Amino acid sequence: MTYDIQPAGSHYIDGAYVEDTAGAEIPVIYAATGARIATLHAATPAIVEQALAAAERAQAEWAKLSPRERGRVLTRAAAIMRERNHDLSVLETYDTGKPLQETLVADATSGSDALEYFGGLAASLTGEHIPLGEDWVYTIREPLGVCVGIGAWNYPTQIACWKAAPALACGNAMVFKPSETTPLCALKVAEILTEAGAPAGLFNVVQGMGEVGAALVTDPRVAKVSLTGSMPTGRKVYAAAADGMKHVTMELGGKSPMLVFDDADLDNAGGGAILGNFYSSGQICSNGTRVFVQKGIKEAFLARLSERLKGAVIGDPLDEATSFGPMVSERQMTLVQGFIEKGIAEGARLVTGGKRLDRDGWYLEPTVFADVTDDMTIAREEIFGPVMSVLDFDTEEEAIARANATEYGLSAGVFTSDLSRGHRVIGQLRAGSCFINSYNDAPVEAPFGGVKMSGVGRENSKAAIDHWSQMKSVYVRMGDVEAPF
Ligand code: NDP
């Protein structure tokens, strides 16, 4: 089965595609060529209303099903998604520009893992019995209600599924707003959920820019908001949600450290640094963009890294041999070029890369800076592009202190052959998702999320359940009520 790039409608509401051309035009640009491949429209207030009303209706019906029945719909959706992995991966490549070599293994596959995991977990989501002598309390795990998901543009299928799967497993309904840069993939997630048996209105997709997200976040019918996006947007959305006392999950940005000690396996550390800086052209929130390398091995590390970067196959993302694709948009490419210029101007040593490629599309070379100091802009701000900063250090204590000296706290990694040091150092790094002798693995079984300005709440794993449900406690008295008067 193949998918047309132009969807049958901009939005997916109440189990069907919907269009309203009165909304602002959203051009979908293929990052590898700069060509327009589809045109969608932003949601008008009428579309937002339709989606919220549909979600409210569907949630009431969905919550009445047994959790096992809900789980069955999700596991069915996981199977459909896996069967269609190839076509969904091609669509993900058109939406984001990421190479097919990546999208075949990291997007619909990760989405179906989430649907399968939470589908399997659904039937075991129970309350508990708390004995109090003659009396007792029992708890009921209840859904929150209508939830809103708002996505970033780097992993549109994965983000939609990481939010929808636990939300729906817990008995909620969702209205999801993808990033206007990548509006296509979430529509396929909605279609597949309907095909798998989800009631109409359970998972709706509305397109639009920030103001559509803001309209959803402030609606009194909405019980929870889960955002994947930048820290400044997170601040705004968190504040708006607080006004309505809504639950939130905030998956925000990072400036994560990767510590390479002089006893590390250089090939593994180099591989981790490549995965943590250049996969998806560096457009990953958890990337280890501050690579702290112990002084004695710095030049050997840089030499080995530069050698390996020559092996990057930069080209047509739809060719499976391509391992490095374009930036998602011209805007993002320009932002990243600005950071590269700042790195050079502030005195960092450009080891490799730094230039835009002379071809159509938004291609930047994989770029490595060395001799980066903690105060440089490229060491402080999230770049969200293929730019690695290598900093050097002498002692373990110093590396930990400098690694923690950031307002962010999403991820952290340590490469060392001394495992006690690995655990000791990770124990002191202030980050939510950490790695020892690895980088950027994100299995659905593991909690994912940040500390400090990188966010609140956790996605994936059993931990996500607490963020998509609430406990009701019921006190049961067996005897008479004793009142003072
Ligand atoms: P943005 O913060 O710009 O946007 C995120 C989403 O929020 C978009 O859908 C955007 O709409 C929407 N939005 C913007 N303003 C508002 C508002 N006032 N109210 C409600 N919604 C709003 O992030 P990007 O899309 O540029 O994504 C990159 C960022 O995402 C990086 O900082 C990255 O670190 C982070 N990220 C975090 C991840 C994590 O799990 N921790 C994973 C992936 C990315 P639109 O853009 O359409 O206007």
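Hi everyone, let's begin at one residue: setting aside neighbours within four places in sequence, L216 is in contact (heavy atoms within 4.5 Å) with V48, L52, V148, V175, K177, V206 and V222. You will find L216 in helix α8, residues 210-217; helices here are DSSP runs of H or I with at least four residues, strands are runs of E with at least two, and both are numbered from the N terminus. L216 is buried, with a relative accessible area of 0%. By buried I mean under 20% relative accessible area, while exposed is over 50% and partly exposed lies in between, using a 1.4 Å probe and protein chains only. For a sense of distance, the C-alpha atoms of L216 and P67 are separated by 27 Å, and these two are 149 residues apart along the chain.

A quick word on what you are looking at. This is a predicted model, where local features need pLDDT of at least 70 and side-chain atom pairs count only at pLDDT 80 or more, while totals for chains, interfaces and linings use all residues. Residues are numbered from 1 along each chain as its sequence is written, and side-chain values use heavy atoms, with hydrogens and water left out.

All of β8, 5 of 5 residues across 173-177, is buried, so the strand is largely enclosed by the rest of the structure. What covers the two faces? In a regular strand the side chains alternate between the two faces of the sheet. Here A173, V175 and K177 on one side and M174 and F176 on the other are all buried.

Who are the partners of β8? Strand β7 (residues 146-150) pairs with β8 in the parallel sense over 5 bridges, pairing being at least two DSSP bridges between two strands. V148 has V175 as its bridge partner. Strand β9 (residues 203-205) also pairs with β8 in the parallel sense, over 3 bridges, and there M174 stands opposite F203.

M174 and F203 come back in the largest nonpolar core. This core has 93 residues, and M81, L115, F118, M174, L193, F203 and V206 touch the most other members. Helix α6 (residues 156-169) gives the most to it, with 9 residues. A nonpolar core is a set of buried Ala, Val, Leu, Ile, Met, Phe, Trp, Tyr and Cys residues joined through side-chain atoms within 4.5 Å. A second, separate core of 30 residues includes A348, A379, I400 and A403.

Last stop, the charges. There are 26 salt bridges, each a side-chain nitrogen of Lys or Arg within 4 Å of a carboxyl oxygen of Asp or Glu. K98 bridges to E92 at 3.1 Å and to D107 at 2.8 Å, N to O. Are D107 and K98 buried or exposed? Both are buried. E459 and K163 also meet in a salt bridge, at 3.1 Å. E459 lies in the loop between β19 (455-456) and α16 (465-468) and K163 in helix α6, so this pair ties together parts that are 296 residues apart in sequence. Finally, K298, E299, R349, D371 and D392 are linked in a network of salt bridges.
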